[in-house]
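The sequence and the model are shown first, and the description follows.

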Amino acid sequence: NTSSIGGNVIKRVFEDKDGIIWIVTRGSGIYLFDRSSDKFTLFKPDTDIVTNFGDAWGLSEDKEGNIWIGIDTDGKLLRYEKRTRTLTSEDYTKEISATIGYNKSARSVNCIYKDRSGNLWIGSSEGLHQLHLTSPGAGKQKKVSFTTYRHDAGNPQTLASNSFAENGILEDHKGIIWTGGLYGLSELNPKTGVCKRYLHNPHDP
């Protein structure tokens, strides 16, 4: 049915630079709404990657117009190329998980946020990841890399936790990145990589 979506529980609504509305539903997948035709289309990319788009949480668009999708239940981080209508074969999940191992059962991607400069920030069970796109040369696809910030119990200048709320990343007017989740609030200065934690003190309610 192109006049409706597959479920009423909506987790994310996003408009890409082409004016297409992406709707992330709980359990029913991702739908695209085209204003010109007033129709919904179920997102079914050409891919051999096995995942459940009904468990998608994070979704945003990078500077190149590609869509990044984060899956909550298996921690997959996927890049969709709109030009070719395919998911790229690179496993970015391993790249953001490599710092502490590849624990599939505990992985999740909870949110993807675009800052004012167009940079993407991914909040996952492995930490906070800033996505970088660098050009290897004219006519070639941009190279993807990540800078990862993680919680370290022994270092108070790191994130409060590796837990992120669904909308738990924000850039303020000074360019500071704020993150929040189950275990506190953090602010990150991207220029220095230093974090400041804000935690509940039961003796100072």
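## A buried lysine

In this predicted model, Lys 82 is buried, with a relative accessible area of 19%. The value lies under the 20% limit for burial, and therefore Lys 82 counts as buried rather than partly exposed. Lys 82 is located in the loop between E7 and strand E8 (86–87).

Which side chains make polar contacts with the side chain of Lys 82? One is the side chain of Asp 16, at 3.4 Å. Another is the side chain of Asp 18, at 3.0 Å. When residues up to four places away in sequence are not counted, Lys 82 touches Asp 16, Lys 17, Asp 18, Trp 22, Glu 61, Gly 65, Asn 66 and Ile 67.

## Strand E2 and its two partners

Strand E2 comprises residues 21–25. Strand E1 (residues 10–15) pairs with E2 in the antiparallel sense, over five bridges. Within this pairing, Val 13 has Ile 23 of E2 as its bridge partner. The hairpin of E1 and E2 has five residues between the strands, and Gly 19 there takes a positive phi near 85°.

E2 is also joined to strand E3 (residues 29–34) by five bridges, and these two strands run antiparallel. Here the bridge partner of Thr 25 is Gly 29 in E3. The hairpin formed by E2 and E3 has three residues between the strands, and Gly 27 in its turn has a positive phi of about 85°.

Why is E2 described as largely enclosed by the rest of the structure? Five of its five residues are buried, so E2 is largely enclosed. Ile 21, Ile 23 and Thr 25 point one way from the strand, whereas Trp 22 and Val 24 point the other way, and all are buried.

## Aromatic pairs

A search of the whole structure finds ten aromatic pairs. One of them is formed by Trp 22 and Tyr 80, whose rings lie 6.0 Å apart centre to centre with 70° between the planes, an edge-to-face arrangement. The pair links distant parts of the chain: Trp 22 belongs to strand E2 and Tyr 80 to strand E7 (residues 77–81), 58 residues apart. Trp 22 is buried, with a relative accessible area of 1%, and Tyr 80 also counts as buried, at 9% relative accessibility.

A further pair consists of Trp 68 and Phe 146, with ring centres 6.5 Å apart. Because their planes stand at 90°, this pair is edge-to-face. Trp 68 lies in strand E6 (residues 67–71) and Phe 146 in strand E12 (residues 143–149), so the pair ties together parts that are 78 residues apart in sequence. Trp 68 is buried, with a relative accessible area of 0%, and Phe 146 is buried at 17%.

Ring pairs also build a cluster, which links Trp 22, Phe 43, Phe 53 and Tyr 80.

## A four-stranded open sheet

How are the strands E13, E14, E15 and E16 arranged? They form an open sheet in the order E13-E14-E15-E16, with antiparallel pairing. Strand E13 (169–171) and strand E16 (194–198) are the edge strands, each of which pairs on one side only. From one strand to the next, the twist averages 20°.

Strands of a sheet pair through backbone hydrogen bonds, either parallel or antiparallel. Strand E15 (residues 184–189) pairs with E16 in the antiparallel sense over five bridges. In that pairing, Asn 189 has Val 194 of E16 as its bridge partner.

## Confidence of the model

The mean pLDDT of the protein is 86, and 92% of its residues reach 70 or more. Among the elements of the protein, E13 has the highest mean pLDDT, at 96. The lowest mean pLDDT, at 76, belongs to helix H1 (residues 92–97).

Conventions: Residues numbered from 1 in each chain as written. Predicted model: local features only at pLDDT ≥ 70, side-chain atom pairs only at ≥ 80, totals over all residues. Heavy atoms only, no water. Pairing = 2+ DSSP bridges. Axes fitted to C-alpha atoms, helices over the stretch in contact; angles between N-to-C directions. Phe/Tyr/Trp six-rings, centres within 6.5 Å; stacked < 30°, edge-to-face > 60°. Buried < 20%, exposed > 50% of the residue type's maximum accessible area, 1.4 Å probe, protein only. pLDDT = per-residue confidence, 0-100. Polar contact = N/O pair within 3.5 Å; in protein donor to acceptor, adjacent residues only side chain to side chain. Contact = heavy atoms within 4.5 Å.
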